[in-house]
Amino acid sequence: MSLESRIQTIRAFNRDVTERLGVLEDRYLTTDRPLSLDRLLWEIGTAGIEVRELRSRLGLDSGYTSRQLRALEQEGLVVVSPSEHDSRVRRATLTASGLAELAVLDRLSDELVGTILAPLTERQRDELAAATETVRRLFTASAVTIAAADPASDPARWAVHAYHRTLDDRFDGGFRPDRAVPTADDELRLPSGTFLLATLKDCPVGCVGVTKVDDTSAEIRRLWVSSELRGLGIGRRLLAAAEDAAVSLGADVVRLDTNRSLAEAIGLYRAAGYDEAAPFNDQPYAHHWFVKPLRDKPARAGATAPPAGPPASTGRVGFLGLGIMGLPMARRLARSGVGLTVWSRTPKSDDELAAAGARTAANVPEVFAQCDTVIVMLRDEAAVDQVLRDVPGGIAGLVAGRTIVNMGTLSPGYSKALADEVERAGGHYVEAPVSGSRRPAEDGKLVAMVAGRPDVVRRTVALLDPMCAQVTVCGPVPSGITMKLAVNVFLIALVTGLAEAFHFADRHGLDRHLLRGILDAGQMSSPISRVKTAKLVGDDLTAQAAIADVRMNAELIVDAAAAAGAGVPLSELCRVLYADAVRRGDGALDMVGVIRTIAAGQQDHPR
């Protein structure tokens, strides 16, 4: 999609939303006030707010805010008075009438959203909720600005302290700034260096420093992004801005160090073209040292951030496999503006893919003929063989000059052999298996484990952003697949234990709802456990991750463990249990449906 097409699409979206939500009316939600005044009531809320924070949060100037607040004061809904902590600071609070009006607004707003959702199917409601969450995330990302700041300023100091707190939380044994190699403020000021601050509504949300080391090299330090904004590409923007700053300082090479606990940062550096190097400093907290040449990166006058828009990809992208996971992944990729050609072994007609401009190919060779990069999201090795080998000319006739990105879960040995075969045929191969099920796929919150040749990974990793909340580069093939299996060891044991806990509760006559509330409120709670407890309480066994697929993954884990001489006793038990579930005819159920096999096993084998 071209820039002009994106602009027109977003403008049309703005028109539709403002009309549908009724914000064009002088009286919003049937009240006597426009939306602007109602929004102030919502922001002031039950706790009140300092006027300066209110202005910053909504991006309003002082005069306009004062006029709006006076209008609310005249209605008897708001009181603006000096703060009890600082008489120079004004604070807005709601009166009793204001609190009552806020309750009415909340009720009317809920009713409005209810009228939007009511005509839709359940699937469409989920799609709309997921789409609005995506819009919020991307709007937030686009509102973040990156600019040079004085390292001694209060916002810069606050960001560096937040950076230190993050290191203290993440490092084994914590982090003490007085033990680290120091960075003086002057090292981060021109002409010696630069300090860049990322802000959202005037609040620091990220930072990075660059300092000149010698005539040809610069060093990046203090790269930090707020945990609330991770996954939005802010780290990549800060890193690119730091590289631009290094070029402006005259550097040909940039370098940095990091701790082994910061796996996301290590993945970011590798994906951005950094290569590991021998230690170049005495930083006591460093375990990895990276360098990157900048000779081919031209400086942009006044630039502190990379250009807007997604990273460039080479040509059209193919997507093979539109199953439980593949279909929502392809939808997100198409919605991101990537030119997509799709194919599935079971032909599917999907309105959302068509609306986003995706083409449907008649066969696999047609996909490769149109595309430079082809994503493969197929169920197992047999499916890969059928799709890539059972065509005229086999793999060699498809992949020359093209990149295959395998996002399915295969055995490590098969993936390595496939990589070798693709490269012998003149193609490129990247592993990118994902952790997550159907719902994270719909929400773009999968976690990808990427492996391959560094230069090929660098060219393709940005393609995963619309589908994934985190992308971690694990090394050469098959380290991505092997990492995925390690993750699945924990996942399968976790969900199986959860199903067994509910079976145990059932046999003792306990209330499933009470058990769910206790588990969801405790330290063992996680996004996956909360999803699965909801399914167990609701007796909803529709597949997000099917039992048959879990059995396959358990078998891959056991086989890979045997090849490495590793013991996996829990995975061995799960493999048998899920194989029994498939034999019972439950293979298409969600993995929590294994509770049926657990219950049946106890009845079949009484003690």
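Biologist: Is threonine 65 buried or exposed, and what is its relative accessible area?

Modeller: Buried means under 20% relative accessible area, exposed over 50%, partly exposed in between, with a 1.4 Å probe and protein chains only. Threonine 65 has a relative accessible area of 0%, so it is buried. This is a predicted model, where local features need pLDDT of at least 70, side-chain atom pairs count only at pLDDT 80 or more, and totals for chains, interfaces and linings use all residues. Residues are numbered from 1 along each chain as its sequence is written, and side-chain values use heavy atoms, with hydrogens and water left out.

Biologist: Where does threonine 65 lie, and which residues does it touch?

Modeller: Helices (H or I, at least four residues) and strands (E, at least two) are DSSP runs, numbered from the N terminus. Threonine 65 sits in helix 4, residues 62-74. Contact means heavy atoms within 4.5 Å. Not counting residues up to four places away in sequence, threonine 65 touches Val51, Leu54, Arg55 and Leu60.

Biologist: Which residues of the largest nonpolar core touch the most other members?

Modeller: In soluble globular proteins, nonpolar side chains tend to be buried together. A nonpolar core is a set of buried Ala, Val, Leu, Ile, Met, Phe, Trp, Tyr and Cys residues joined through side-chain atoms within 4.5 Å. Here the largest has 50 residues, and Ile220, Leu238, Leu239, Tyr269 and Tyr274 touch the most other members. Several elements supply at least two residues each, including helix 7 (154-170), strand 7 (217-225) and helix 9 (263-271). Helix 8 gives the largest share, eight residues.

Biologist: Which residues are in contact with tyrosine 269, leaving aside its neighbours within four places in sequence?

Modeller: Leu223, Leu239, Leu256, Thr258, Tyr274 and Phe290. Another core, of 35 residues, lies apart from the largest one; Val405, Val456, Val461 and Val471 are among its members.

Biologist: How do I read a helix's length? What should helix 18 span?

Modeller: The expected span is 1.5 Å times one less than the number of residues. Helix 18 (residues 479-507) has 29 residues, so it should span 42 Å; its end C-alpha atoms are 42 Å apart, which agrees. Just after helix 18, glycine 509 takes a positive phi of about 70°.

Biologist: At what angle do the axes of helix 21 and helix 22 cross?

Modeller: Axes are lines fitted to C-alpha atoms, for helices over the stretch in contact, and angles run from 0 to 180 degrees between N-to-C directions. The axes of helix 21 (residues 547-564) and helix 22 (residues 569-583) cross at roughly 150° and come within 9 Å.
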